[in-house]
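Thanks for coming, everyone. I'd like to walk you through one structure today. Let me put it on the screen.

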2 protein chains.
Amino acid sequence: MEKIRTIWVGKNKFKALDNLEKDYEDKIGRIIPFKIHLIQKTTKNYTEDKLLKEEGKNILKAVSKDDFLILLDEKGKEFDSFDFSKFLNEKINLSKRISFVVGSFSGVSDEIKQRANFKLSLSRMTFSNYIARIVLLEQIYRAMTLIKGIEYHR
Amino acid sequence: MEKIRTIWVGKNKFKALDNLEKDYEDKIGRIIPFKIHLIQKTTKNYTEDKLLKEEGKNILKAVSKDDFLILLDEKGKEFDSFDFSKFLNEKINLSKRISFVVGSFSGVSDEIKQRANFKLSLSRMTFSNYIARIVLLEQIYRAMTLIKGIEYHR
């Protein structure tokens, strides 16, 4: 079983970033069991509200009760990269598995917000969710190099 | 003459992000005269220190004395996206041209730090400069849609 996962809905809209996500998945995976868990986008013609609910349900299905769920949230806690690595290391040691969840353009359902064990903010700025995904992957990679004391490969 | 520029050294190492940079250049350019100004990487076998000095010189050559120079710096000021758009709008109205400078992996020379009119931080976290470039472009695009009251195209 992987130790860290990111969970998000749909392939990256930018083909360019989709490839880069896979690169980071490999890079992180060489340090710690890691996987990007992709939730299929629903093709149903739902209202935004119903879409969020449906996506939320599918995300929760992918999460087990032991998972430490970290939700990316603009109003969450900000860390610098060093403190983030300390935080992540602590959670690695204390949890069975860590699941980072990045919402869609419209965010996440209330059920996900309630299930979240922790809310993390990457910046005070609002990032497009496609960009947030890459930023998060780079931060996980960076944190793992700090935790393991290995070289950061650009 | 463009009203806003970003200045950085060398093409994006990730071909994927290089294409995305060009996409954002087009998207922003449709709202305000905008250009990514690419400084050629020196191929000389310099020490890191000398490399920074050389890159710094080339960056300064590209900057005119009227430019409002905003340096991306981890220790700079953080904004949320809305306040950043207000800040940017003010500088657009008050300056001939705005030049955002993103350093290389090793940062920027002291000369650039001294020339900077403002230091901006995108996050408390340390971003790879390749990622910072994309994040900055998205924020400039987002700010311009807020300033002009137009739809944000994902």
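Ile4(A) has Ile98(A) of E4(A) as its bridge partner. Keep in mind that this is a predicted model.

Strand E1 of chain A, residues 4–9, and strand E4 of chain A, residues 98–101, run parallel and are joined by 4 bridges. Now zoom out to the sheet. What is the order of the strands in the open sheet of chain A? Reading across, we get E2-E1-E4-E3-E5. That is 5 strands, with parallel pairing. At the edges sit E2(A), residues 34–39, and E5(A), residues 118–121. Each of those two pairs on one side only. From one strand to the next, the twist averages 35°.

Next, the helices on that sheet. Take helix H2 of chain A, residues 48–62. H2(A) lies across E1, E2 and E4 of chain A. Against E2(A), the helix runs at about 150°. Then look at helix H5 of chain A, residues 129–148. H5(A) lies across E1, E3 and E4 of chain A, where E3 spans residues 68–78. Its angle to E1(A) is about 180°.

H5(A) has a helical partner too. That partner is H1(A), residues 15–29: the two axes come within 10 Å and cross at roughly 20°. Angles under 35 degrees count as roughly parallel, so H1(A) and H5(A) are roughly parallel to each other. Their crossing is left-handed.

Who makes the contact? From H1(A) we have Leu17(A), Leu20(A), Glu21(A), Tyr24(A), Lys27(A) and Ile28(A). From H5(A) come Tyr130(A), Arg133(A), Ile134(A), Leu137(A), Glu138(A), Ile140(A), Tyr141(A) and Met144(A). Sort the residues of this H1(A) and H5(A) contact by class: 10 are nonpolar, none polar and 4 charged.

Chain B has an open sheet of 5 strands, ordered E2-E1-E4-E3-E5, with parallel pairing. E2(B), residues 34–39, and E5(B), residues 118–121, are the edge strands. Neighbouring strands are turned by 35° against each other on average, direction ignored. Inside the sheet, E1(B), residues 4–9, pairs with E4(B), residues 98–101, in the parallel sense over 4 bridges. One pair to find on the screen: Ile7(B) stands opposite Val101(B) in E4(B).

Now the helix pair in chain B. H1(B), residues 15–29, and H5(B), residues 129–148, have axes that come within 10 Å and cross at roughly 20°. That makes H1(B) roughly parallel to H5(B). H1(B) passes H5(B) in a left-handed crossing. Among the contact residues are Leu17(B) and Tyr24(B) on H1(B), and Leu137(B) and Met144(B) on H5(B). By class, the contact of H1(B) with H5(B) has 10 nonpolar, no polar and 4 charged residues.

Last topic: where the chains meet. How many residues does each chain give to the contact? Chain B gives 26 residues, and chain A gives 26 residues. On the chain B side, the elements giving two or more residues are H1, H3 (81–94) and H5. H5(B) gives the most, with 6 residues. That side of chain B divides into 13 nonpolar, 6 polar and 7 charged residues.

Finish on the H1 helices. H1(A) and H1(B) pack at an angle of about 155°, with their axes 8 Å apart. Over 145 degrees counts as roughly antiparallel, so that is what H1(A) is to H1(B). H1(A) passes H1(B) in a left-handed crossing. Ala16(A), Leu17(A), Asn19(A) and Leu20(A) meet Ala16(B), Leu17(B), Asn19(B) and Leu20(B) there. By class, this contact of H1(A) with H1(B) has 6 nonpolar, 2 polar and no charged residues.

That's my tour. Questions, please.

Definitions and conventions:
Residues numbered from 1 in each chain as written. Chains lettered and ligands numbered in written order. Predicted model: local features only at pLDDT ≥ 70, side-chain atom pairs only at ≥ 80, totals over all residues. Axes fitted to C-alpha atoms, helices over the stretch in contact; angles between N-to-C directions. Parallel < 35°, antiparallel > 145°, perpendicular 65-115°, else oblique. Left-handed = near helix turned anticlockwise from the far one by under 90°. Contact = placed C-beta atoms within 7 Å. Nonpolar A, V, L, I, M, F, W, Y, C, P; charged D, E, K, R; others polar. Pairing = 2+ DSSP bridges.
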